Amino acid sequence: MVEMQVDGLTLDPDTKAPLVILRSAEEGTFLPLLVGPMEAMSLTFMLSGEQLPRPLTHDLLLMSVQALKGAVVGVEIVDIRDGVYYAALLLRHREGITRVDCRPSDAIAVALRAGVRIRVHERVLELAQQERRQRHLRADAAIDMLREADARREADRLTDRLARGKPLDETTADAEAAGYENLLRSLEPETNRKM
């Protein structure tokens, strides 16, 4: 397990959904996790040190555990399946330690309030990195397909124009010729990125 701290909150550049960023102090590894708006608000209050007049849900959970003579002793992010992360709260009580399944966003919010360690399984970090690489490759492939579709539309437009025998002045002819050259280069089967 790798111990990580909350590095901050940000927005996902694509979806504009809130992200909490975990960072490993020793390795400099980052783990971005999507969180819901309510969890983001709860985390923001904790990170900014803002005191609220009434407890939020995460405060209530921690207060309930403490009222039952228990303690939150840790948080672990233990798995990722189909892009969904799984976590566990570690609760100490008279009989020992109990692991309670929860969402990572809730686990992190409780961990900040309880002042306990957040640990992430190494396999989760590896899978998350692979998933990010795949997402970037899919995004690159989608961009390539859009560029190719635009280039094909332009080729069709130029071919149609020439087929209709429209006269071109010299400046336009040079621009059209340069356009054709660029277009043919963009339609070559070799690309910079291999899928």
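The side chains of S42 and H58 are joined by a polar contact of 2.9 Å. A polar contact here is a pair of N or O atoms within 3.5 Å; within protein, one must be able to donate a hydrogen and the other to accept it, and residues adjacent in sequence count only if both atoms are side-chain atoms. S42 sits in helix α1, residues 37-48. S42 counts as buried because its relative accessibility is 2%. Buried means under 20% relative accessible area, exposed means over 50%, and partly exposed lies in between (1.4 Å probe, protein chains only).

The model is predicted: local features need pLDDT of at least 70, side-chain atom pairs count only at pLDDT 80 or more, and totals for chains, interfaces and linings use all residues. Residues are numbered from 1 along each chain as its sequence is written, and side-chain values use heavy atoms, with hydrogens and water left out.

Now the overall layout. The protein chain has 5 helices and 7 strands. Helices (H or I, at least four residues) and strands (E, at least two) are DSSP runs, numbered from the N terminus. Along the sequence the order is β-β-β-α-α-β-β-β-α-β-α-α. Of the 195 residues, 30% count as buried.

Helix α3 (residues 104-114) is largely enclosed by the rest of the structure, because 9 of its 11 residues are buried. Among them are P104, D106, I108 and R113. G115 follows α3 and has a positive phi, near 70°.

K16 is not a glycine, yet has a positive phi of about 65°. K16 lies in the loop between β1 (2-11) and β2, and is exposed at 54% relative accessible area. D82 likewise is not a glycine and has a positive phi, near 55°. D82 belongs to the loop between β4 (71-81) and β5 (84-93). Its relative accessibility of 80% makes D82 exposed.

Next, the charges. Side chains of opposite charge can pair when their charged atoms come close. A salt bridge is a side-chain nitrogen of Lys or Arg within 4 Å of a carboxyl oxygen of Asp or Glu. By this rule the count comes to 9 salt bridges.

One of them joins E3 and R117, at 3.6 Å from N to O. This pair links distant parts of the chain: E3 is in strand β1, R117 is in the loop between α3 and β7 (118-120), and they are 114 residues apart. E3 is partly exposed at 29%, and R117 is partly exposed at 46%.

R23 and D7 also meet in a salt bridge, at 2.9 Å from N to O. R23 is in strand β2 and D7 in strand β1, 16 residues apart.

R119 and E76 form another salt bridge, with the closest N and O atoms 2.7 Å apart. Here R119 of strand β7 is linked to E76 of strand β4, 43 residues away. R119 counts as partly exposed, at 24%. Elsewhere, E39, R103 and D106 are linked in a network of salt bridges.

E26 is found in the loop between β2 (18-23) and β3 (30-34), and is exposed at 63% relative accessible area.
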